[in-house]
Number of protein chains: 4
Amino acid sequence: MSATDYQDVVERVVAAARPYVGAGKVADYIPSLGEVDPNRFGFAVATVDGRVHGGGESATPFTIESISKLFALSLVLGHDGKEIWKRVGQEPTGDPFNSLIPLQLSKGIPGNPFVNPGAIVVTDQLLHDTGDAYGAIRALLRAETGDPQLHVDAVTAHSEETTGNRDRALAYLVADFGNMLNPVPETLNHYFRQCSIMISCEKLALAALFLARRGVRADGSRLLSEEDARGVNAIMLTCGTYNEAGEFAYRVGLPCKSGVGGGILAVVPGRCTAVAWGPGVDDKGNSVSAAAALEAFVKLTGLSPL
Amino acid sequence: MSATDYQDVVERVVAAARPYVGAGKVADYIPSLGEVDPNRFGFAVATVDGRVHGGGESATPFTIESISKLFALSLVLGHDGKEIWKRVGQEPTGDPFNSLIPLQLSKGIPGNPFVNPGAIVVTDQLLHDTGDAYGAIRALLRAETGDPQLHVDAVTAHSEETTGNRDRALAYLVADFGNMLNPVPETLNHYFRQCSIMISCEKLALAALFLARRGVRADGSRLLSEEDARGVNAIMLTCGTYNEAGEFAYRVGLPCKSGVGGGILAVVPGRCTAVAWGPGVDDKGNSVSAAAALEAFVKLTGLSPL
Amino acid sequence: MSATDYQDVVERVVAAARPYVGAGKVADYIPSLGEVDPNRFGFAVATVDGRVHGGGESATPFTIESISKLFALSLVLGHDGKEIWKRVGQEPTGDPFNSLIPLQLSKGIPGNPFVNPGAIVVTDQLLHDTGDAYGAIRALLRAETGDPQLHVDAVTAHSEETTGNRDRALAYLVADFGNMLNPVPETLNHYFRQCSIMISCEKLALAALFLARRGVRADGSRLLSEEDARGVNAIMLTCGTYNEAGEFAYRVGLPCKSGVGGGILAVVPGRCTAVAWGPGVDDKGNSVSAAAALEAFVKLTGLSPL
Amino acid sequence: MSATDYQDVVERVVAAARPYVGAGKVADYIPSLGEVDPNRFGFAVATVDGRVHGGGESATPFTIESISKLFALSLVLGHDGKEIWKRVGQEPTGDPFNSLIPLQLSKGIPGNPFVNPGAIVVTDQLLHDTGDAYGAIRALLRAETGDPQLHVDAVTAHSEETTGNRDRALAYLVADFGNMLNPVPETLNHYFRQCSIMISCEKLALAALFLARRGVRADGSRLLSEEDARGVNAIMLTCGTYNEAGEFAYRVGLPCKSGVGGGILAVVPGRCTAVAWGPGVDDKGNSVSAAAALEAFVKLTGLSPL
């Protein structure tokens, strides 16, 4: 497709998603998320050549939340190769992302890197590897987007910290099984901050292009091996949208990662990335309007690899 | 790739899998499975134009086992459209394929069509829709392969019947929650027979080509809508290889469905199907040599869509 | 207390339970249970000398249901000594009586003899030991009560059989783990019949006196060792009233066994037995009015051993 | 029995337990516990008139550990009446004392006051009621034993603190469900100290006499209503020895509370208390020699109420 074609697709997707804007429920477990206007919506596509096409509020920053898990995982895989897979699994789970049940049964080895305990272990590894997990993620996002201003929302990070008892329970259970390298409060401090980064659809689509480029960053350097780039896409497809991943794979058929801030990032390997954002999420934590947008995107373009 | 290229790939795959032949453990929960020589191995690729390329013992029939679940699901989707999704979910699970725990927690709605209770529900639906679930599956396989002799192995079917207490427990639990249309023994009779069908790598690759053709059968008629064909591929990718599906997606990156008879079927949407068979399975129930073959196939061809 | 005192206590208990008669919900999973008038109520006390004191409808037969598990266990312990404890545990459970979850986790060894799978295993052992489990239970009840007419209600037994899918699931799961001696349908046939025995408060109080007499039957022969008699009382106290046993122990402080037919049997070791019956049960399956009666009985007599 | 009889029983019990001394494994999750000589053993009986009879090392202090949960519960019941039962259940559980699984399923309401999360909730309540939970427990123990020196072992308390990740996970999960009144670290600080109190068999037997006296303390004042005293005994019988409570009830037939320090406290309502101590514990956490001692005590005296 040409650049004009992509811009046309973006506009059609925005129109198709319109009826779903405002549906769902804005996550309100922390005040700063709950204050977002439920009627906002943005959509952007970035192609592997680095061009980006946006529609709606595609330049408005929102809270990245769980989509940050993708960048933490990619950085750790870039540093460590396969070592992280001794500390966390690759299997999807039928359980909610914050469940302690499978974590206890597996003796502190989280099922995959996108459930909360798995992401905490990944951040713990990144903190161990780099000395500054949050800083490493922010640096990656800044470099890939060319935006030196990209930053955490301090109010949200503070709110995450004050409401984070479930994550503390998960992290201490991991620690009880000997699977934490840093003190729990330190790892969680980085984890809460990485979840509170503000980023727009357009920037996020650019930031994740290395997954569409089979591991290669904007500057041409390699972040991930081809194998690991495919692997991260596979984990997105099987585990990226909480315990709704199966239904997403059926409906959308693209590797996706969602966040309770209302963003969903999708990868079309070899072609492009697409990011949709709408604050209203369903009871699994996935944005209703963003899911509708990505479903329309696949229907309009036929870009599902399945 | 040309036909010569495919034949060349097949031979390279057979060579690459050779070191893994004999590894794993032959499933022996029923005598007729346990008697199979662990050193057998076959591999075949069928392209969407209906050509088939085989290597090793690619013409030797083996027991289809859980791969039959794929055909039952496709037939039910062809008849019923989306009605079956009221009776079974689409979500991958971290639990073993024969666990009663998630089934009780979900009040008799199996997590997906490839865990045993899900497959029993699908067969129950197919029996209700057609009056002969086993017959319908056999007819589909015969039509797609052009082999009118394809049949059940009566000894295996009898063995499945006599050792099927776990499946009975699952089916009666489903029935207790009101999610069975036929008497449990009738549905299970069809289920045990469908699992005992004998088929070779080459025939199985042909039989599943409709999934590579986005729903279209060998005679040009449509079995599945494009959406449902993509959906079945998605369920294979997320749930097709028991609770090792995540690792398979990472390593192989293709929609796959395995059986404890040692077969694994893979789909390359738009291109081809590939079937590998080796009787030795790992502790999750997936063939060690067949997995190695499919991993080599993807590496050699670059055909993963991820 | 004198006989007159006991008669007085019985009348006070009936009065104290009166406000609770009609409360709860009559079990209606089988038609014959659901047809019982919810306003019925009876209470009886039998002393170790064999006298019985009744009030309300204490001579009206009701369906024994799970209280039969007590007699099956006592018979098996009488035959086998401690062998049965290799097949079933002695631990209370926080799970419902018909849950498959702990049964799968314990690999087919039920937690205790009063959850359904445990009782099925006990009946399976009794069938193996005697060739007629139902007959053995009926013979014990007839001998202890002196009533040669005591029998099963055929309609209820048939209903249990037609609605018994959950028990089938439990039994087949036990069988899958190799913990059944007889074919599942045979054991369940005896189990369904033992649950459908009709017996009155007065007769049931007499039938269980061997537990108050530390193992000695009405004819002076010993059914249980003193140790096992104490043990059965202990299991009643810890597991006898489903997953409400802890609250019962707190409120009533007596070894009790309840049934969804609305009966509850209590033992005062060394002194007497007491049986209350009211068809309305709470959401755990224990009769509301019978529980109130036993609580009053303990308050009025101070007979709790705790 | 006369005082001479009791002293004679104590000596027989010590002799009967002798062969079991040294069996089991000394808990070593914290260093100060692991250093205890496994061959120590003590036994004491205190009668309701306040006399105490000891044998073996009955005057040697050991770490109270989970037996402290009994005193915290009694104090809270004394203050609050039944309010605590809104925050914690009364049901025994088949799960280990430190499992997060039932706690998550019950949405933060621990099953009973003797599993770790239940005890943490009780301590949290006591801290809320008194401002000093540890101090309140110590004051009770000092008053009942007449020993103003009774105190925490600071090294053990520090060790509990540094190894307490599992308890932190439990407490934060409780907090996540809104069932904590104080900050988690504050409640745990008191909890870790209460578990680290040093006390001898003789002193512990005296300290718990209020449970044998149906709620009345050494000075004649009432700590618990008769109902609650019976209730605490009931919870000891159903939940007092971890997930071995059923077997204990069968073998010993007395309300008991054990600790991983190797102590087990038993109550004979209306008569006496008995405390045995031997550091080697079984895989459920109950002392092997102390259990043997209490089993002998019941056999020799016939004092089981069941």
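**Four chains, two rotations: a group-meeting talk**

Let me start with chains C and D. Chain D superposes on chain C by a rotation of 180° with 0.0 Å of shift along its axis, at an RMSD of 0.0 Å. The superposition is by least squares on the C-alpha atoms of residues with pLDDT of at least 70 in both copies. This is a predicted model: local features need pLDDT of at least 70, side-chain atom pairs count only at pLDDT 80 or more, and totals for chains, interfaces and linings use all residues. Residues are numbered from 1 along each chain as its sequence is written, chains are lettered from A and ligands numbered from 1 in the order in which they are written, and side-chain values use heavy atoms, with hydrogens and water left out.

Which residue of chain D comes closest to the rotation axis? That is Thr93(D), with its C-alpha at 2.3 Å. Now the interface. Of the interface residues of chain D, 100% are also interface residues in chain C, so the copies meet through the same surface. Contact here means heavy atoms within 4.5 Å.

Next, chains A and B. A rotation of 180° brings chain B onto chain A, with 0.0 Å of shift along the axis and an RMSD of 0.0 Å. The two copies are thus related as by a two-fold rotation axis. The same surface serves both copies, since 100% of the contact residues of chain B recur in chain A. In chain B, the residue closest to the rotation axis is Thr93(B), at 2.3 Å by C-alpha.

What about the other pairings? Chain A does not touch chain C, and their nearest C-alpha atoms are 11 Å apart. Chain B does not touch chain D either, and there the nearest C-alpha atoms are also 11 Å apart.

On to helix packing. Two packed helices are described by the angle between their axes and the distance between the axes. Helices (H or I, at least four residues) and strands (E, at least two) are DSSP runs, numbered from the N terminus. Axes are lines fitted to C-alpha atoms, for helices over the stretch in contact, and angles run from 0 to 180 degrees between N-to-C directions.

First case, chain D. Helix 5 (residues 116–130) and helix 6 (residues 133–145) of chain D pack at about 90°, and their axes are 8 Å apart. These two helices of chain D are therefore roughly perpendicular to each other. For the terms: under 35 degrees is roughly parallel, over 145 roughly antiparallel, 65 to 115 roughly perpendicular, and the rest oblique. Who meets whom? From helix 5 of chain D come Thr123(D), Leu126(D), Leu127(D) and Thr130(D), and they meet Ala133(D), Ala136(D) and Ile137(D) of helix 6. That contact has 5 nonpolar, 2 polar and no charged residues. The classes: Ala, Val, Leu, Ile, Met, Phe, Trp, Tyr, Cys and Pro are nonpolar, Asp, Glu, Lys and Arg are charged, and the others, Gly among them, are polar.

Second case, chain B. Helix 6 (residues 133–145) and helix 9 (residues 184–195) of chain B cross at roughly 25°, with axes that come within 8 Å. Helix 6 and helix 9 of chain B are therefore roughly parallel to each other. Ala133(B), Tyr134(B) and Ile137(B) of helix 6 touch His190(B), Arg193(B) and Gln194(B) of helix 9. By class, this contact has 3 nonpolar, 2 polar and 1 charged residues.

Now cysteines. How many disulfides does the structure hold over all chains? The count is 0. A disulfide would be a pair of cysteine sulfur atoms within 2.5 Å. For Cys272(B), the closest cysteine sulfur is in Cys256(B), 12 Å away, too far for a bond. Cys272(B) is buried, at 0% relative accessible area. Buried means under 20%, exposed over 50%, partly exposed in between (1.4 Å probe, protein chains only). For Cys195(C), the closest cysteine sulfur is that of Cys239(C), at 17 Å, again too far for a bond. Cys195(C) is buried at 4% relative accessibility.

Two backbone points. Tyr242(C) has a phi near 55°, a positive value in a residue other than glycine. Tyr242(C) sits in the loop between helix 12 (226–239) and helix 13 (245–251) of chain C, and is buried at 7% relative accessibility. Glu65(D) has a positive phi near 45°. Its loop runs between strand 4 (62–63) and helix 3 (68–80) of chain D. Glu65(D) is buried, at 3%.
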